[in-house]
Amino acid sequence: GPLKPEITITYVAVSAIFFNSGLSLKTEELTSALMHVKLHLFVQIFTLVFFPTAIWLFLQLLSITPINEWLLKGLQTVGCMPPPVSSAVILTKAVGGNEAAAIFNSAFGSFLGIVITPLLLLLFLGSSSSVPFTSIFSQLFMTVVVPLIIGQIVRRYIKDWLERKKPPFGAISSCVLLMIIYTTFCDTFANPNIDLDKFSLIIIVFIIFSVQMSFMFLTFLFSTRNNSGFTPADTVAIIFCSTHKSLTLGIPMLKIVFAGYEHLSLISVPLLIYHPAQILLGSLLVPTIKSWMVSRQK
């Protein structure tokens, strides 16, 4: 179509999002959180080791059900994704939790995800034979790492102007992301051969909400133990950063790793559902978590 997603989305849109992130990311805010190693280890191990492994074990049980197998593979891709750049930070800030730790883990998790997520996807799912392993990393490096670094360098020179004008970075990223989601939905539902039954879709939505609630409760239990060493504010950051998954990094990564894959559209569906579900669920729980945190601090 006229949007030319094969060029604008694959290269321009993804690079624009990460250049924008590089411009808006305050490096100095992350340094204060850098020393909280135990918290960072907890979040990253839960997100990139426990989460995908638990989903894989769960899917072994679901594989005997009549649920669409490509949607189940899509659930596995959700498990392999790194933490998001924005939603966990926004919700942590809304509750009054450890925002610096949330910012650090979101940024650090995204960097780890560039290397670890493709490896996890290839480990659990394999990839289309037409995509060489080296091209996955080179394309991710050029569309994610390079724009992010350039954004950080440019920020150093126009920092005062950015602080004064406060450009709407969030709105810009959201608009570009909306364009990526729109074209992905078009790919999914314009395919005449798509075999997406309502039963499978409803079950997947239910599973996604159940997984999120279960994992939020699990991280809450682990981080509030007497010997955990985490403050209530730390627990808030852990709950959101450990259970949220990145759509910004996820969709472009799926498009690269599974380029030319016949069922890429169906594999993308669970991630497209998971992202709004995590924001909706998180927003609903903000008052409850906030009252718990305040009472614990008192």
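1. Let me start with the nonpolar surface patch: I149, I153, Y157, I158 and W161 make one of about 530 Å². For patches, residues need over 30% relative accessible area and no salt bridge, with like charges joined within 9 Å and nonpolar side chains (Val, Leu, Ile, Met, Phe, Trp, Tyr) within 5 Å. A salt bridge here is a side-chain nitrogen of Lys or Arg within 4 Å of a carboxyl oxygen of Asp or Glu. Areas come from the Shrake-Rupley method with a 1.4 Å probe, and for residues only the protein chains shown count as cover.

2. A word on the basis of all this: the model is predicted, with local features needing pLDDT of at least 70 and side-chain atom pairs counted only at pLDDT 80 or more, while totals for chains, interfaces and linings use all residues. Residues are numbered from 1 along each chain as its sequence is written, and side-chain values use heavy atoms, leaving out hydrogens and water.

3. I158 is partly exposed, at a relative accessible area of 31%; buried means under 20%, exposed over 50%, and partly exposed in between (1.4 Å probe, protein chains only).

4. On the overall fold, the protein chain has 12 helices and zero strands. Helices (H or I, at least four residues) and strands (E, at least two) are DSSP runs numbered from the N terminus. Of the 298 residues in the protein chain, 49% are buried.

5. Now the helix pairs. The axes of helix 3 (residues 37-62) and helix 4 (residues 69-80) come within 8 Å and cross at roughly 165 degrees, so the two are roughly antiparallel. Axes are lines fitted to C-alpha atoms, for helices over the stretch in contact, with angles from 0 to 180 degrees between N-to-C directions. Under 35 degrees counts as roughly parallel, over 145 as roughly antiparallel, 65 to 115 as roughly perpendicular, and the rest as oblique.

6. Helix 5 (residues 87-95) and helix 12 have axes that come within 9 Å and cross at roughly 30 degrees. That makes helix 5 roughly parallel to helix 12.

7. Two contacts across the sequence may interest you. V236, in helix 10 (residues 232-243), is buried with a relative accessible area of 0%. S295 lies in helix 12 (residues 264-297) and is partly exposed at 48% relative accessibility. Its C-alpha atom is separated by 9.5 Å from that of P232, 63 residues away along the chain.
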